[in-house]
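The following note sets out numbered comments on the model shown below.

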Amino acid sequence: MKTTSASKERLKHLTLSATLTAIVTVATIIVQIPSPMNGYVNLGDCFVLLSAWMLGPVYGSVAAALGSALADLITGYAIYAPGTFVIKGLMALAAWSVLKLFVSRRAEASRISYRIVSALTAEIIMTVGYFLYSAIIFGEGLAAALSIPANLMQGLIGCVSSVTLAVILRKTGIMK
C-alpha cells in the first residue's frame, strides 16, 4: 500500500495532536495550585497555546479542548468540563488566528511580540469565558467575578510559560 505525502502529513498532525492532548491533560493535572474559588492554577494553558501555534486552528483547538476537558473529568471538576471544552477550544482558535494575522501582515515586530499578543488574547477569552460560565450556567451572577483574579493569574502563567517554551522550541528546531 502506497502512502501519499498528504496522508503522511495527516498522520503526523493526528499523532502530534494526540500527543499534545495528552500533554495538556498531564500539565493541567500535575501542577495544581488551589485558588479560592473552587478551581486551581496550572500549566495547562501553556500547552493549550502551544497546541494552537504548532497545529493550527483545527487540530490545535481539538487538542486544547479535549486535553483540558479530560483533566477536569479526571480531577473531579466534571461540572466544568463542558465549559472548559468550549473555552479552551476557543482559546486555541483565537491564539492561532491572532498569530496568523500578524504573520500574514508581516508586521514589523518580533515573533515573540506576536506570541505575547496571541497569548494575551487567548487568556482574555479564558478569563471572560469562565466568568460567563459561572455567572450564567451556575447562576452565580456577579459573584462569579470573584474568580477573575485567579483566572488572570492562570492567564499570566500561561502567557509567560508558553511564549518562553515557544522560543526554546523554535531555537532547537522542534517548532517551525
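1. Helix H6 is followed by Gly-173, whose phi is positive, near 85°. Helices are DSSP runs of H or I with at least four residues, strands are runs of E with at least two, and both are numbered from the N terminus. H6 itself covers residues 148-172, and its 25 residues reach 36 Å from the first C-alpha to the last, close to the 36 Å expected at 1.5 Å a residue. The expected span is 1.5 Å times one less than the number of residues in the helix.

2. The model is predicted: local features need pLDDT of at least 70, side-chain atom pairs count only at pLDDT 80 or more, and totals for chains, interfaces and linings use all residues. Residues are numbered from 1 along each chain as its sequence is written, and side-chain values use heavy atoms, with hydrogens and water left out.

3. Which residues of H6 are buried? Among them are Ala-150, Asn-151, Gln-154, Gly-155, Gly-158 and Cys-159, as well as Ser-161, Ser-162, Val-163, Ala-166 and Leu-169. Buried means under 20% relative accessible area, exposed means over 50%, and partly exposed lies in between (1.4 Å probe, protein chains only). The cover over these buried positions includes E2, H2 and H5.

4. Thr-127 is found in helix H5 and is buried, with a relative accessible area of 9%. Leaving aside neighbours within four places in sequence, Thr-127 is in contact (heavy atoms within 4.5 Å) with Ile-148, Asn-151 and Leu-152. Thr-127 and Thr-4 are 123 residues apart in sequence, and their C-alpha atoms are 42 Å apart in space.

5. Eleven of its twelve residues are buried, so H2 is largely enclosed by the rest of the structure. The buried set includes Gly-44, Asp-45, Cys-46, Phe-47, Trp-53 and Leu-55. From first C-alpha to last, H2 reaches 16 Å, close to the 16 Å expected at 1.5 Å a residue. After H2 comes Gly-56, whose phi is positive, near 90°.

6. Trp-53, one of the buried residues of H2, has Arg-115 lying over its face at 5.0 Å from the ring centre. A charge sits over a ring if NZ of Lys or CZ of Arg is within 6 Å of the ring centre and within 35 degrees of the ring normal.

7. Helix H1 has 26 residues and reaches 37 Å from its first C-alpha to its last, close to the 38 Å expected at 1.5 Å a residue. Its buried residues include Ser-17, Leu-20, Thr-21 and Val-24, and the buried residues of H1 pack against strand E2 (40-41), helix H2 (44-55) and helix H3 (57-74). Ser-17 has 7% relative accessibility. Apart from neighbours within four places in sequence, Ser-17 is in contact with Leu-55, Tyr-59 and Ala-63.

8. How many aromatic pairs does a search of the whole structure find? There are six. Rings of Phe, Tyr and Trp (its six-membered ring) pair if their centres lie within 6.5 Å; planes under 30 degrees apart count as stacked, over 60 as edge-to-face and the rest as tilted. Tyr-77 and Tyr-80 form a tilted pair, 6.3 Å centre to centre with 55° between the planes. Tyr-77 is partly exposed, at a relative accessible area of 24%, whereas Tyr-80 counts as buried at 15%. The rings of Phe-102 and Tyr-114 have their centres 5.5 Å apart and their planes at 5°, so this pair is stacked. It links distant parts of the chain, Phe-102 in helix H4 (residues 81-105) and Tyr-114 in helix H5 (residues 111-137), twelve residues apart. Phe-102 is partly exposed at 24%, and Tyr-114 is buried at 8%.

9. For the chain as a whole, the secondary structure comes to six helices and two strands, in the order α-β-β-α-α-α-α-α along the sequence. Buried residues make up 43% of the 176 residues. Among contacts between residues at least 6 apart in sequence, 69% join residues at least 24 apart.
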